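Please read the following report alongside the sequence and the coordinates.

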Amino acid sequence: MSINPAIPAPDQTSTPLEPIEMPNRITGWRLVVRGRLNKICLAIVGIYFLVGLLSLLPAPSQIGLGNVPGFKSIKSFDQLIDYKYDPDQPYAPPALSYKDSQGIRHYSPAMWFGLDFSGHSVFWQVLYGARTALLITVLTSVLMLSIGTSLGMIAGYFGGWIDDIITWVYSVIGTIPWLLLVIAMTYILSSNESLKEPPTHAPGPVAAFFKNILPTDLLIVIFALGLTDWVSLCRLIRGETLKLRDSDMVAAGRALGLSELRIIFRHILPNVSHLIIITFTLSAVGYLQVEVVLSFLQLGVSSKPSWGHMIDDAKLTLLRGVWWEVTAATGAIFIICMALTLLGDSLRDALDPKLRGRD
Amino acid sequence: MLAYLLRKFLLTLSIIFGVILLTFVLFNVVAKDPVRAMGGKQMKETDRIRITHEMGLDKPRFALNFAEYHETGSKWSLLDTQFFNILAFQFPKSQRHQESVWSLFGRKAPISFLVQAPAFVIGLGLQIAIAIIVAAKRKSVLDYSTTFAAVLMMSIPGLSIYLAFQWFFGAYLKIFPVAGWSPGFLLAIHFAAMPILVSVIANLGSSIRFYRTVALEEVNADYVRTARAKGVSQTNVLLVHVLRNLLIPVVTNTIVALPFLLTGALVLEKMFQIPGFGGLLTEAIGANDSPVIMAEVYLTAIAYAIMLFVTDICYTLVDPRVVLR
């Protein structure tokens with residue numbers, strides 16, 4: 001690194017700084033891609049991402065996300081409890097095909113994972129549940145990563161009273177157990193009815209987008225998760241920035257007269273980006289799991305294609321023998337969580353071995 | 001040492017103040033009106049005013065201007081009252097049960113404890129035992145398969161594990177009751193057996209991973225090599241030397257987990273119909289009983305902050321290498 005010797009670095013002049021060992025991001029990434037297990041995990045994550053993107057499109061009506069022809073539908077749990085045995089029962093175990101009311105056999109993926117208690121196809125619900133999962137993981141991560149990264153870099157770079165305040169804020173948030181805080185936040189946001197009203201002033205397409213893709217209950221979950229989960233990332237990035245602040249790179253930037261914002265976002269940010277990638281993969285797992293808990297407490301996403309909602313249904317239907325709905329939804333969560341955990345582990349080992357064991 | 005403790009103590013106090021401020025803002029500014037949320041639209045206006053007054057919510061929120069003081073005739077703002085109430089550990093009354101949170105806590109916490117404490121002790125023993133064995137046989141088939149199994153267990157949602165056990169042992173094999181509770185110690189154990197088993201299994205995955213990493217660091221340490229060199233047997237090395245050093249993270253985790261033994265598990269208690277403190281919270285969410293939710297957030301956070309402070313002190317007691325500055 002060449003610094004113009006005519007301009008002395010403002011802070012450190014006397015003692016030469018120890019070189020800081022930076023993880024080599026490109027080699028690390030190559031290491032991750034080379035492993036066979038990692039390739040499989042990357043492929044799984046890619047497939048889920050693709051399915052999630054496709055499921056953002058409106059569902060065609062004929063695929064049986066609604067009712068499969070020839071099957072009754074039950075609208076409420078009260079009806080389910082009163083329900084007596086009926087040959088064309090609304091819920092049906094997995095099968096390759098089904099017969100409609102005229103007795104004609106149809107081969108359709110709608111029946112592959114069976115039907116749930118209201119006669120909806122579990123297969124299509126699992127696929128369209130990827131929409132909720134994708135929106136929650138990606139949007140929450142964007143919110144969480146932007147808060148955590150910017151606050152962490154600001155605290156670490158400026159130090160002093162700014163650092164004290166930010167440290168205090170994240171200590172306070174970190175003191176309340178995360179699950180409890182998320183539940184309280186979701187409860188509070190959903191108890192405020194003025195937040196629940198649809199945006200009336202918005203133009204048509206925007207209102208339709210919020211109604212169909214991002215309903216308010218989903219937004220509430222995203223905000224409750226994102227506003228509370230940035231603490232550990234902020235702590236990590238603050239520590240890393242504290243080290244980088246004293247590096248030659250930043251001294252050179254200061255000597256060249258770069259603005260502080262430019263130093264933070266163009267020079268420090270790329271050097272903490274590995275922390276962001278690792279945190280993203282490992283925290284997405286947590287969001288998927290917490291979504292199930294929120295659904296169980298009736299605080300989660302209320303519209304149906306959601307894996308948490310499907311697992312929550314089982315607390316009433318599993319003892320009646322409907323095992324396929326909970327199995328399919330658990331399988332969907334299980335595969336993506338496993339892929340993300342394994343991938344996150346190898347990313348962490350390759351990019352920043354110091355972090356090992358900090359789960 | 002004393003200066004360090006004093007500084008830590010003041011920091012803990014400031015964090016508790018922050019928790020009170022944060023929860024106040026969340027529950028009294030962001031949340032619309034707890035009374036209206038509780039009663040719904042059918043609530044009579046007179047009832048609403050009465051309950052609002054009972055809960056003390058008709059005071060000004062912050063003491064920002066004296067005009068507000070003058071109008072309401074009350075001396076304190078809502079934040080002041082809540083702040084001093086919480087410092088004196090006086091929580092608002094539960095609107096659903098019409099009794100104070102403390103008496104509810106006194107009634108429900110032992111039930112939670114009866115489930116959580118055995119689960120925690122059995123779980124901790126299993127986790128440490130597995131972690132030490134796995135760390136001793138590093139890079140063997142056993143190590144890889146255990147680590148992989150831990151990842152598999154972490155990836156299954158807890159609720160699915162509870163459901164599967166409830167169905168398999170309760171409804172299919174009929175070994176344990178599906179759900180329920182009964183007073184009396186022996187009957188309670190009969191009902192608590194499955195929740196204990198399930199929560200041990202559901203928490204196993206992530207903890208094994210954590211303790212394995214800690215144990216690996218210890219197994220590779222210099223003192224282990226020295227012990228081996230002077231002829232200490234493998235079991236002795238693991239059970240005496242490594243285990244004692246593993247105590248540091250164990251003590252930290254145990255102290256921090258203590259308050260949660262009393263507050264119980266949210267999902268588990270609702271799932272198995274255990275009338276504990278965690279089940280009270282899930283019930284309060286359904287019934288819009290915000291004083292209980294608020295008190296639970298306060299209590300857990302304050303207990304957690306205090307326990308973190310205690311952990312710092314215990315570090316010195318367990319590990320003579322740690323010097324507090």
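The text below describes the two chains, then the interface, then one residue.

This is a predicted model, in which local features need pLDDT of at least 70 and side-chain atom pairs count only at pLDDT 80 or more, while totals for chains, interfaces and linings use all residues. Residues are numbered from 1 along each chain as its sequence is written, chains are lettered from A and ligands numbered from 1 in the order in which they are written, and side-chain values use heavy atoms, with hydrogens and water left out.

**The chains**

The secondary structure of chain A comprises 14 helices and 2 strands, and that of chain B likewise comes to 14 helices and 2 strands; helices (H or I, at least four residues) and strands (E, at least two) are DSSP runs, numbered from the N terminus. In the table, buried means under 20% relative accessible area, with exposed being over 50% and partly exposed in between (1.4 Å probe, protein chains only). Accessible areas come from the Shrake-Rupley method with a 1.4 Å probe, and for residues only the protein chains shown count as cover.

| Chain | Residues and buried share | Accessible surface and carbon and sulfur share |
|---|---|---|
| Chain A | 359 residues, 50% buried | about 17,300 Å², 65% |
| Chain B | 325 residues, 48% buried | about 16,400 Å², 67% |

With contact meaning heavy atoms within 4.5 Å, residues 24 or more positions apart supply 74% of the chain A contacts that have a separation of 6 or more, and the corresponding value for chain B is 67%. The C-alpha trace of chain B spans about 80 × 60 × 35 Å along its principal axes.

**The interface**

**A loop residue**

B:Asp289 lies in the chain B loop between α13 (277-287) and α14 (290-318), and B:Asp289 counts as buried because its relative accessibility is 1%. Beyond its neighbours within four places in sequence, B:Asp289 is in contact with A:Tyr187 of the other chain, and with B:Ser94, B:Gln95, B:Arg96, B:His97 and B:Ala284.
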